[in-house]
Structure formats: C-alpha cells, structure tokens
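Reader: I am new to protein models and would like to learn how to read one. Could you take me through some features step by step?

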Amino acid sequence: MPNSTHILVIRLSALGDVAMTVPVIRGLVQTYPNLRLTVVSRRGYQPLFEGIPNVDFLEADVYGKHKGLFGLMKLAKEARALHIHAVADLHNVIRSKILTRNLGFKGKRTATIDKGRAEKKKLTNAAGMGLEKLKTTHQRYVDVFASLGFPIALDRVTLPERRPLTPRLLTLIGREPKKCIGIAPFAAYESKMYPLDRTKELIQMLAEEGQHQILLFGGGPEEEALLKQWESQFERVTNVAGVLTFDEELNLISNLDLM
C-alpha cells in the first residue's frame, strides 16, 4: 500500500485496550509520516488520541444512532465518506466484524487482530506445565498493521513529553520528592481484576513505606466510595476518581512514575 493510505482503526472498548493502541498508532505516524489514520471508538476515549499527527477520530455511538445492525451500517457509511483505503480491526468482536466485513465488501482492504484465544485457553489450562510466553496485545496490534503493509518496531517509538500540570493537579501530586504511583484497581469483568483485598494490602504496604505518593483512579459511584474509604485509611493516598475530568486524569497519569 502507498504511504499516503488512509486506514480506519477499529477498537471500541475497553479503556485499557483502547489506550494500548496509542503507542502503536504513534509508531505508525512516526514511521510513515504521510499515513493517515481515523480511530473508531467511543466518544469518551477521544482525548487519548489528541495531539497525535495525522490521526482523526470517528465516534461509535453503539448505544445510540449506531445501535444494532442498521446503526452499524450507518457507521460504515460514515467511514466510507472519509475516503478510507483499508480497515484495521483491533477488536475482533461482533460489532467490529460487521463493520469490517461491510467495508471489505465495498473494496477496502481489511485485517483483523488474532487475539490468540486458543493459546490463552491452553495457557490457563496448563496447570504449570508447558507454559509458553504469549504475544503482548501491543504486538498483536502491530501484526494487524504489518499485514496491511505497514510494519513498525515498537522499541523505536518516541513517547511524548509529560503534559503540563495545572495548579490543581500539582496539589494532588504534591511537591515532595516522592515517587508518584497511580493505581486503577477496577475492570469491567471481575475476572480481570487483582483481588481487592490484596490491592488494599499493597496500598497499605506502599503507604507505610512513606516513600510514595499514591493516587487512586477509576470506577463508578460504588467503586468511588471504596477508593474514598482507602484514602481516609492511609496517609499519602489520594483518590481522584470522580474528582477529575478524563483530560485531567490523562495529564496527571503522564506525570506519574508508575501506573
């Protein structure tokens, strides 16, 4: 494919998986300066891609105007109107498959992520025997673009500088020379979460060391209540869930020593 190709990148959810596309997309535009990308995802995730050259955003309102089969057909029509040449499906779920197939039928070249489900099932059933290291999600994303003719080397990706902090964010981090650690203990599925009682133990251990500033992220109202409880129990622990906008959270995270 020519360097001036326009690729539609589909990754609808969840936040962590969408966030993991960012360094790959940065690597693509750094390696291929004339390449254009449009990311299809939920509206709330748009700030993740702001400031990346040659990258646009197309909202997938899957619970509104793009709901159901006819809604996805409308989304595919909106994508075609952008004059895309290819589709990179980084999600491989029913919605993204419908989009990808529709655009493929219209003559667009397509590539879909191999999530390695069989390998992961084998690994979890291995009971400690015959374990093999699996590909990272980042590498699986890279493989999709390589199959479209745009290979990149992740170890050569230049990451952005830390974002400037507002006075409000500075008060959360503090000016003491301590390492700042962000912890986001929740996930959409409990099976993807580290046990909360052990997370609390970890936070307590870090707090008692007195060498770290700990910031707690994420969750709905019930989760926020738990994070506020932890904040009140330990020194040098601050809950930011429900306090900051998503943009502010991203600015804060870019200044942490560990997330």
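Author: Let us begin with a definition: helices and strands are DSSP runs, numbered from the N terminus. Ala 14 is in the loop between strand 1 (6-10) and helix 1 (15-19). Keep in mind that this is a predicted model.

Reader: What is the peptide bond from Ser 13 to Ala 14 like, cis or trans?

Author: The bond joining Ser 13 to Ala 14 is cis, and its omega is near -15°.

Reader: How do I read a packed pair of helices?

Author: Two packed helices are described by the angle between their axes and the distance between those axes. Here, helix 2 (residues 21-31) packs with helix 6 at about 40°, and their axes are 9 Å apart. That makes helix 2 oblique to helix 6. The crossing of helix 2 and helix 6 is right-handed.

Reader: Which residues of helix 2 and helix 6 meet?

Author: From helix 2 come Thr 21, Pro 23, Val 24 and Leu 28, and they meet His 138, Tyr 141, Val 142 and Phe 145 of helix 6. Sorted by kind, the residues of this contact are six nonpolar, two polar and no charged.

Reader: What lies 2.8 Å from a polar atom of the side chain of Arg 140?

Author: That is the backbone oxygen of Asp 114. Setting aside residues up to four places away in sequence, Arg 140 also touches others, including Ile 113, Lys 115, Glu 119 and Leu 134.

Reader: And Glu 249, is it buried or exposed?

Author: Glu 249 counts as buried because its relative accessibility is 14%. You will find Glu 249 in helix 10 (residues 246-253). Beyond its neighbours within four places in sequence, Glu 249 is in contact with Phe 217, Val 240, Ala 241 and Leu 244.

Methods. Residues numbered from 1 in each chain as written. Predicted model: local features only at pLDDT ≥ 70, side-chain atom pairs only at ≥ 80, totals over all residues. Heavy atoms only, no water. Polar contact = N/O pair within 3.5 Å; in protein donor to acceptor, adjacent residues only side chain to side chain. Contact = heavy atoms within 4.5 Å. Helix = DSSP H or I, 4+ residues; strand = E, 2+ residues; numbered from the N terminus. Buried < 20%, exposed > 50% of the residue type's maximum accessible area, 1.4 Å probe, protein only. Axes fitted to C-alpha atoms, helices over the stretch in contact; angles between N-to-C directions. Parallel < 35°, antiparallel > 145°, perpendicular 65-115°, else oblique. Left-handed = near helix turned anticlockwise from the far one by under 90°. Nonpolar A, V, L, I, M, F, W, Y, C, P; charged D, E, K, R; others polar.
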